[in-house]
Amino acid sequence: MSFAVARAVAWRTLHNVFTHPSLLIPSLIFPLFFFTAFAGGLSRVRDVPGFDFPLGYTAFQFAFVVLQSAAFGGVFTGFGIARDFESGFARRLMLAAPNRAGIVLGYGAAALIRWLFTVAVVTGVAFAVGMKVGGSGVDLFGLYALALLLNVAALLWASGVAMRLRTMQAGPVMQMPVFLTLFFAPVYVPLSLLKGWIHAVAVVNPLTRVLEAGRGFLAGSPTDVGAAFAAALALAALFSLWAVRGLRNAESAG
Amino acid sequence: MSAFADQVFLLARRSVVRTIRQPANVVFPLVFPMLLLAVNSGGLKAETRLPGFPTKSFVAFALAVPFIQGALFATMNAGTDLARDIQTGFLSRLSLTPMRGIAVLAGQLGGVVTMGVIQATVYLSVGLAVGVRPASGALGVLVLFGFALLVSLGFGALGAFAALRTGSGEAVQSIFPAFFVFLFISSMNIPRNLIAAGWFRDLATANPVSYLIECVRSLLITGWDGQALALGFGIAAAITVVALALASWALRVRMAR
Amino acid sequence: MDAIEAEHLVREFKNGPRAVDRIDLAVRSGEIYGFLGPNGAGKSTTVHMLTTLLPPTAGTARVAGYDVVHEGPQVRMRIGAALQEAALDPLLTGREHLRLQASLQAMPRNERRARAGELLARVGLSEAADRKVGGYSGGMKRRLDLALALVHRPPVLFLDEPTTGLDIQSRTALWGEVGRLAREEGVTVFLTTQYLEEADVLADRVGIIDHGRIVAEGTPAELKAQVGRPSVEAVPADPADRKLVGEILARFGEPITSAKGVAVRLREGESDLAGIVRALDADELKVEHLQLHQPSLDDVFLAKTGRSLEGEAPEEEQSARPGLAMEPA
């Protein structure tokens, strides 16, 4: 029964996204834009003494952009949830769905499919501009698996906020922490080249492990894979509690 | 005070008060550029080790960006506010009064410029607090404020033009990503001569935003660089003149309806 | 078994008064129950609790035989609801809404298309079915909302102020459809409204709610009978005859206030009217206006709460009533 609800909710979200360019394009443009601005504009960073990523700056940034697109894909779906609460449409869903967990599941499935579309485009563009990959297909799959967990975690975070605040004004509250977590990881240079306060922040940032492992997968020399998956899973588990409590909060607020 | 000046002052004050009463419109243009500054100056500090990088302090290098970014935010806010005036009929009400149309535009832009100067003060204070010492000295800071004023005026007029032409706040907001493209495809994060990818360097060179950033940057890290100042002020003045002309024309068209 | 039962139902909001204060309800299967009250009386809060959207602070309620707190999924499968704000997705078409609703309700795939078509025709939206809802008028949205509530053939239907903001034509059409649902399909309808006429025309029984409490309940006729007898008001053609007309009317009942003329509460009821006309005629008194006032649900509301529910009550009646100010929204 909750599967039927999930499928209906996912259909509606995806139908809206794929038939309205204004909803589809931002989630597609942002990663491509970051990829262009960073991989293109900052490629000289590979010449900084101590930069040791073997595949060049395009692949180095590709790993970040894949993770960033996953996280923002989840947040954009969170915007949709907030919009549904603000317009009252969520109430319609809550009323129709015998099992309300299916609603969250449906939004989650939609976020995932939406991200898969984005990442397919980003990957296509990366290979088209000559990105080199050291790892095998299995390794590449490792990077995508990490990103997928991040997509789920970000969606659960954003949906938890959306269900608590139930207004589009909550957009920055969903987006800003994700943005900061992403950018307080070693985005531009490897962790070893960060100095000072940003190094201290990056070391404790769970996303650092995910990003470094993702780059390891691309280079064909995966490192700290266990820790990275553990960090991503922990984020997803933590935010699933946050989202479920958010759902209870929305239910008790009517 | 002449009636015209009085009208402009009243409308400028309304524009500032209105901005201040929407905390998101005040906080976001102040906080977001500072966050981006923190993120980039931390993450890209290693760039200073590249041969030919013009300074040892990446914060000083990156501090130029908020000045331009803040102006972009202010543009959008001003444009959205003016579009709201059109949507709510406030502009039509003004056009029924003896007030001269140009006072509406001047008042709105007066508000934008005031906010621009307030933002510039905050950015510079943060820079000074983290140890940036402008290479051009106190006089340079004055020039910097003059430049911030000019850029706010120019971009504010662009926002006003968009609002007057479309009459829709959403349409004005939708231009925002385009401004971001201009910002990111520029010498924002790295000097142009250090951009390795030829196509990106060409785009950054063709992008007027690069010169606006480099003008501020020269005052902060180089000292008195005549070429950078001439290019920056020249481009900012050109944008301002064109945008003001477009905005006044759009205003005449709208008030004539 | 009653389709809707509630016992001592309470809902309190943080930092606010009790929105719903120990109400009891018993709505029989197939009945149209009108829940009448001014804005802010607690009507919507009650509906939200009965439809499992809002947990009660205290008390119990069962809908279609299931507890709204502990058996939410079972309740939701058996109810349809059109809430106050017809929350629709402006990006979907009417037909897409119906198919979405059908799949949310886990209706078999092969039935969805036919059911959508059938309901669109029933609410008169067949032609607009494939247009985006963003372009619908208020009345069209309400009709679509009703169709959505009916997709899974629920035995119990909740309508929260279904005709607020509708023009007379759309309102009458909606009344017709709701009446048909109850009569022909045996659907139990729980309808909230702030329109007296709506409750009067449509409801088998009416509950009047004010400040979260049910202040009166019964069929419209029973409620009106509780308030008392009809009154007659006469406006003499010549204002100088006012005293004489008043004396004649006083033979038929106790005088009550009237702004324009004279009025009495009839001793015997409507049957006195013929006698009044004869008596006036015998004394050759001409009247410009002679009107029989039947007690209305508003009189019931007035009698129970001391306030009028109708904001636009006629002036002559207002003058007869103390404390008329309508409760602010």
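Predicted model: local features only at pLDDT ≥ 70, side-chain atom pairs only at ≥ 80, totals over all residues.
Residues are numbered from 1 along each chain as its sequence is written, chains are lettered from A and ligands numbered from 1 in the order in which they are written, and side-chain values use heavy atoms, with hydrogens and water left out.

**View 1. The contact between chain C and chain A.** Of the 2 pairs of chains in contact, chains A and C share the most contacts, where contact means heavy atoms within 4.5 Å. Chain C contributes 33 residues and chain A 28 residues, and together they bury about 2,600 Å², 60% of it on carbon and sulfur atoms; buried area is the accessible area (1.4 Å probe) that two parts lose on being put together, summed over both. On the chain C side, C:L53, C:R76 and C:L104 lose the most area to chain A, together 26% of what that side buries.

View 2. The side chains of C:D145 and A:R92 form a salt bridge with an N to O distance of 2.6 Å. Between chain C and chain A, 10 residue pairs are in polar contact, both residues at pLDDT 80 or more; a polar contact is a pair of N or O atoms within 3.5 Å, of which, within protein, one must be able to donate a hydrogen and the other to accept it, and residues adjacent in sequence count only if both atoms are side-chain atoms. The largest share of the side of chain C that touches chain A, 6 residues, comes from α3(C), helices being DSSP runs (H or I) of at least four residues and strands (E) of at least two, numbered from the N terminus.

**View 3. The contact between chain B and chain A.** Here 26 residues of chain B are in contact with 26 residues of chain A, and the area buried between them is about 2,300 Å², of which carbon and sulfur atoms give 80%. At least two residues each of the side of chain B that touches chain A come from α2 (23-43), α9 (176-184) and α10 (198-206) of chain B, with α2(B) giving the most, 9 residues. Chain B and chain C do not touch, their nearest C-alpha atoms being 16 Å apart.

**View 4. The surroundings of A:F183 in the largest nonpolar core.** A nonpolar core is a set of buried Ala, Val, Leu, Ile, Met, Phe, Trp, Tyr and Cys residues joined through side-chain atoms within 4.5 Å. A:F183 is one of the residues that touch the most other members of the largest core, which has 210 residues. Leaving aside neighbours within four places in sequence, A:F183 is in contact with A:F34, A:F38, A:F64, A:Y188 and B:V39.

**View 5. The loop around C:G261.** C:G261 is found in the loop between β12 (253-256) and β13 (262-266) of chain C. At 3% relative accessibility C:G261 counts as buried, that is, under 20% relative accessible area, with exposed over 50% and partly exposed in between (1.4 Å probe, protein chains only). Beyond neighbours within four places in sequence, C:G261 is in contact with C:A234, C:V235, C:P236 and C:R242.

Conventions. Salt bridge = Lys/Arg side-chain N within 4 Å of Asp/Glu carboxyl O.
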